[in-house]
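Me: I have a model open on my screen. Can you walk me through reading it?

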Amino acid sequence: MKLEIYDTTLREGEQSASVSFTREDKLKIIKALDALGVSYIEAGMINSPEDIAFFEKASLLPLENSRLVAFGATLRPGETAKSSRSLSLLASTPTDTVCVFGKSWEYQVETVLRTTKDENLRMIADTVDHLVSEGKRVFFDAEHFFDGYSDDPTYAMKVLETAKNAGAERLILCDTNGGMLPDIIGMASAAVTARFGQCIGIHCHNDLGMAEACSVSAVLSGVLQVQGTVSGIGERCGNANLNTLIPILQLKLGFDCIGERLSFLTETARYINETANRPFDEKEPFVGGYAFTHKAGMHIDGVMKSPRTFEHISPEAVGNLRNIVISSLSGRSAMADKLATILPDLDRNSDKVQSCLEAVRAKENAGYTYEDAEASLMLVIKEALGMRKNYFDLLNFKVITDEDTRVAGQNLDNMRSSAMIKIAVDSREELAAAEGNGPVNAMDKALRKVLSAFYPIIDNMKLTDFKVRVSSGGATASVVRVVIESTDSKSVWRTVGVSTDIINASWQALRDSVEYMLDRNE
């Protein structure tokens, strides 16, 4: 059975307290979602002529798999379709499909809208009928449906009936408060689908941490359309996470959601989070960097003998990768498996395996750990094998932090950082300087600036996270461990540096990040 995947990242997702999209961001995300193969992309709410202008631009995109949807509200109490400016704007949007929301819970009707149940039904009917008469396909979001159904199932059903009789093609059951349990969602959805047939959708919020489970329960009860957002971003605790829902529905339950494009899921999820300027949650099921990462010796041994022992699906099915964590506790078998990624013909009994293990153990004895710094680990391994390429030599670097006198007199920590870096590639020397928001940012800018003359691809790299941890003692002279996360918008990697000097530790991690990118690209 084919399910409709309805993505509302650009509308519900933007209501997240930490998310804001530019128009260019939205266009990029629309293209990414279309390539992924979702059925519908809710690209935003229509409130003004400026919103119409965006949809006009978005409608010019050559979409192959998805249809754009504009979002709006039903009429207000006492308002008519012909007199409503907001409805007129929605009707003029250059999309063939629109979605409108209306109340289906008597408590909301009386408390929020401050009107009667009959007036609410009139508002819904007039809204849908007018949009259909304007040539639109109409989806109706029944807000707070499950709360309404729990209080007064007769009225909640009447709301759906009113929208359907007025011409709505899809009736979306919304757990707007996000407070329902999966069994309640399932029972109510089954009752609705039994009455209205294959035209029902599900839209769950995550306030109980059960949005995905509730959505699955609705699908098993017969709903056709599943709504959610990438990484579950949305207001309060967010929405149902499509990164989790799509693989569950397609791989576990056998529904057709996005077909063979499922292998693009991890790449798309990372790209959209990057575009939204959000740190990616590596613990996300299916698409996270830790989803198929194995550290325990027994787990590593089992998954190397048969992946099914500790992996419920193949990582490649969702475009992800298996990762074996190497540490001082790892055995030859784990290291041999890691080496197979760069030396596929290596004999597992080779002395090179032991040499790499000893190199890692020596680094760990000095305070390094590589559990969350896979990129630095691969460089250590390549160095032990004599395979690490020297892309540049550091001749000199200087970092200066001083007070910014341009804003003197303000009660702020107005510190300015600048960095100067001189490097050599073969016999050619280059020097660059840059200012930044802190010493590491200044170093990052200066290094990429000086290297871009030799390696233009470095412009695609961006530092996305920076973490410092004291690894011994606790005073200011303690050894610190710095982990840097970097991305090229297609993938993410982490590197580590260790020193009693935080600037030196940061430099090590930054250098490894650049070298890893150059090495992988080559």
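Reply: We go from the barrel to the helices, then to one residue. Keep in mind that this is a predicted model.

Me: In what order do the eight strands close into a barrel?

Reply: The order is 1-2-3-4-5-6-7-8, and the pairing is parallel. From one strand to the next, the twist averages 25°.

Me: Over how many bridges do strand 5 and strand 6 pair?

Reply: Four bridges, in the parallel sense. Strand 5 covers residues 137-143 and strand 6 covers residues 170-175.

Me: Which strands does helix 7 lie across?

Reply: Helix 7, residues 153-165, lies across strand 4, strand 5 and strand 6. Its direction runs at about 150° to strand 6.

Me: Now the helix pairs. What describes two packed helices?

Reply: Two values do: the angle between the axes and the distance between them. Take helix 13 (residues 332-339) and helix 14 (residues 351-365). They pack at an angle of about 100°, with axes 9 Å apart. Angles of 65 to 115 degrees count as roughly perpendicular, so helix 13 and helix 14 are roughly perpendicular to each other.

Me: Which residues of helix 13 and helix 14 make the contact?

Reply: Helix 13 gives R332, M335, A336 and L339. Helix 14 gives K352, V353, Q354, C356, L357 and V360. By class, that contact has seven nonpolar, one polar and two charged residues.

Me: At what angle do helix 13 and helix 15 pack?

Reply: About 95°, with their axes 12 Å apart. Helix 13 is therefore roughly perpendicular to helix 15 as well. M335, K338 and L339 of helix 13 meet E374, L377, M378 and I381 of helix 15. The classes here are five nonpolar, no polar and two charged residues.

Me: Last, a single residue. Is N323 buried or exposed?

Reply: Start with the relative accessibility, which is 16% for N323. Buried means under 20%, so N323 counts as buried. N323 lies in strand 10, residues 323-324.

Me: Which residues is N323 in contact with, leaving aside neighbours within four places in sequence?

Reply: F292, T293, H294, K338 and E374. With K338 there is a polar contact of 3.0 Å between the side chains.

Key: Residues numbered from 1 in each chain as written. Predicted model: local features only at pLDDT ≥ 70, side-chain atom pairs only at ≥ 80, totals over all residues. Heavy atoms only, no water. Axes fitted to C-alpha atoms, helices over the stretch in contact; angles between N-to-C directions. Helix = DSSP H or I, 4+ residues; strand = E, 2+ residues; numbered from the N terminus. Parallel < 35°, antiparallel > 145°, perpendicular 65-115°, else oblique. Contact = heavy atoms within 4.5 Å. Nonpolar A, V, L, I, M, F, W, Y, C, P; charged D, E, K, R; others polar. Buried < 20%, exposed > 50% of the residue type's maximum accessible area, 1.4 Å probe, protein only. Polar contact = N/O pair within 3.5 Å; in protein donor to acceptor, adjacent residues only side chain to side chain. Pairing = 2+ DSSP bridges.
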